[in-house]
Amino acid sequence: MPSLGADMEYGTVIEWLVGPGDVVRHGDIVAVVHTEKADIDVEVFENGTVGEILVPVGQEVEVGTPLATILGPKAASETGPIQAPAVEPTPPTGAVPAPTSLPHPTARTKAESQPTQEPARLSARPRITPRARRLAATRGVDLSQLAAADRVVTGDHVDHQAESRPATVTDQQTAMRHAIAVAMSRANREIPHYHLLHHTPLTHALAWLERRNAMTSVQERVLPAALFCRAVVVAVQRVPGVNGFWVDDAFRPSDSVHLGCAIALRDGGLIAPAILDADHLDLGALMRALRDLTGRVRSGRLRGREMTDATITVTNLGENAVEVVHGVIYPPQVALVGFGGIVERPWVDDGAFAARKVVAVSLAGDHRASDGRLGARFLGEIDRLLRNPEEL
Amino acid sequence: MNNDDLGALIRKVFSDLAPEIDIDSVDPNAPLQATLDLDSMDFLNAMIAIHDATGVDVPESDYGQVTTLETIERYVSARIASA
């Protein structure tokens, strides 16, 4: 069970997309895992053939539990578990290697004591349809209760059970709050934050964006949010000390920029998945990636790496009539950039007042990894880029 | 596309963006972004969906004319008629 974020402790496989004997390649999606925050596609990081599925659909297991074995492409004896890159994101040079040990034959799981989940009692196992397992996993229904009677458990049974529990509707929101509480409490406990704030005039950038959008089709239109993201990505490349992870009492800078984007969910809570390799995307491509990510957060699925690999995060509360964000860093990252609302303010240029559109850009920095001087250089770079959007 | 179809299409587009709200209970003259709690990404996605279904591309400079279910329908309908 890969760790799909610093706040994840358990996960439930809700679908296996491969079975024993299937050939898998690096990057293939092999399973879908349900967490407190979302349903996430799990990738495999090796080439080979699936040996054994160790965790069945519907079973909640702790992070780190092997989910399946993979037989190496050449030697059938060469086996390794399907695993996450690591419990916490680590840079390629990290001292913590991805686990490669053989799977433990009896993974300790919360469901282990349930007779319906006990692998040793296969013959006594009640029949449970795949849809029932999936529904049970997503709706939090205990299959052992339903399976007590000697019958085939179907999705309808699970639905009925879920609807008879009054608390079910709020279960997912409760889980979301729990996940946020875990990550943010850790951030406040472990990270000595410093906060910087800088006001940047946007009148020129917005006019530039308006002209650009007037010449493109609606699908290619770029929102100010994407311009902000692009400015952060370019600034990160010039001031790399804010991009990476704090792991094992040391700052480990990242060579890539995986841009975390805090995205609010309609029914409460938020997720901050990453636009992977954002430094390889120009403004138009970054906008498309942001649209795609927002769409998948709200309706579809995220990939495991998107949940674990963010190297710096952007939060944009500008549309909520908030002028300034004082952010909390997502561990193990070391910085969070906040954009407030775009507001019209009196501004002094060359000794004269003028009305200007202005945005407050804030930085929450991890004082273990950097100091205010570096943070100020970073915000200064964002300011310079937003005043010269042609460079973006 | 007649006006009933167009109205239904527009309501479907916004209903998909704000599934927890009963779109038929929304006042056709109420400001949509505030009523449905839509951000600029949601609104852009609505404009893209309307473009995909009707071929009408609402430029940003006309966003001020498409703020309610009623005004969006009127705007798109006029653009289809003049095409």
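In this predicted model, B:Pro28 lies in the loop between α1 and α2 (32-35) of chain B, where helices are DSSP runs of H or I with at least four residues, numbered from the N terminus. Local features are described here at pLDDT of at least 70 and side-chain atom pairs are counted at pLDDT 80 or more, whereas totals for chains, interfaces and linings use all residues of this predicted model. Residues are numbered from 1 along each chain as its sequence is written, and chains are lettered from A, with ligands numbered from 1, in the order in which they are written.

B:Pro28 counts as partly exposed because it has 14 C-beta neighbours inside 10 Å; by this count a residue is buried with 20 or more other C-beta atoms within 10 Å of its own, exposed with 12 or fewer, and partly exposed in between, the C-beta atoms being placed from the backbone. Although B:Pro28 and B:Glu70 are 42 residues apart in sequence, their C-alpha atoms are 5.1 Å apart in space. When neighbours within four places in sequence are left aside, B:Pro28 is in contact with B:Thr68, B:Leu69 and B:Glu70, a contact being a pair of residues whose C-beta atoms, placed from the backbone, lie within 7 Å.

Helix α1 (residues 3-17) of chain B packs against helix α4 (residues 69-82) of chain B at an angle of about 130°, with the axes 10 Å apart. Axes are lines fitted to C-alpha atoms, for helices over the stretch in contact, and angles run from 0 to 180 degrees between N-to-C directions. The angle makes α1(B) oblique to α4(B), since angles under 35 degrees count as roughly parallel, over 145 as roughly antiparallel, 65 to 115 as roughly perpendicular and the rest as oblique. The residues that meet are B:Asn3, B:Leu6, B:Gly7, B:Ile10 and B:Arg11 in α1(B) and B:Leu69, B:Ile72, B:Glu73, B:Val76 and B:Ser77 in α4(B). This contact of α1(B) with α4(B) has five nonpolar, three polar and two charged residues, where Ala, Val, Leu, Ile, Met, Phe, Trp, Tyr, Cys and Pro count as nonpolar, Asp, Glu, Lys and Arg as charged, and the others, Gly among them, as polar.

α1(B) also packs with helix α3 (residues 40-54) of chain B, at an angle of about 145° and with axes 10 Å apart. From α1(B), the contact is made by B:Leu9, B:Ile10, B:Val13, B:Phe14 and B:Leu17, and from α3(B) by B:Asp42, B:Asn45, B:Ala46, B:Ala49, B:Ile50 and B:Ala53. By class, nine nonpolar, one polar and one charged residues form the contact of α1(B) with α3(B).

In chain A, helix α6 (residues 224-238) and helix α9 (residues 372-387) pack at an angle of about 130°, with their axes 9 Å apart, and α6(A) and α9(A) are therefore oblique to each other. Here A:Ala231, A:Val232, A:Val234, A:Ala235 and A:Arg238 in α6(A) meet A:Phe378, A:Glu381, A:Ile382, A:Leu385 and A:Leu386 in α9(A), a contact with eight nonpolar, no polar and two charged residues.

Chain A averages a pLDDT of 82, and 81% of the residues score at least 70, pLDDT being the predictor's confidence in each residue, from 0 to 100. Over residues 75-80 of chain A the pLDDT is below 50, and this stretch has 12 contacts in the model beyond near neighbours in sequence. Where pLDDT is low, the predicted coordinates should not be read in detail.

Technical notes:
Helices (H or I, at least four residues) and strands (E, at least two) are DSSP runs, numbered from the N terminus. Two residues are in contact if their C-beta atoms, placed from the backbone, lie within 7 Å.
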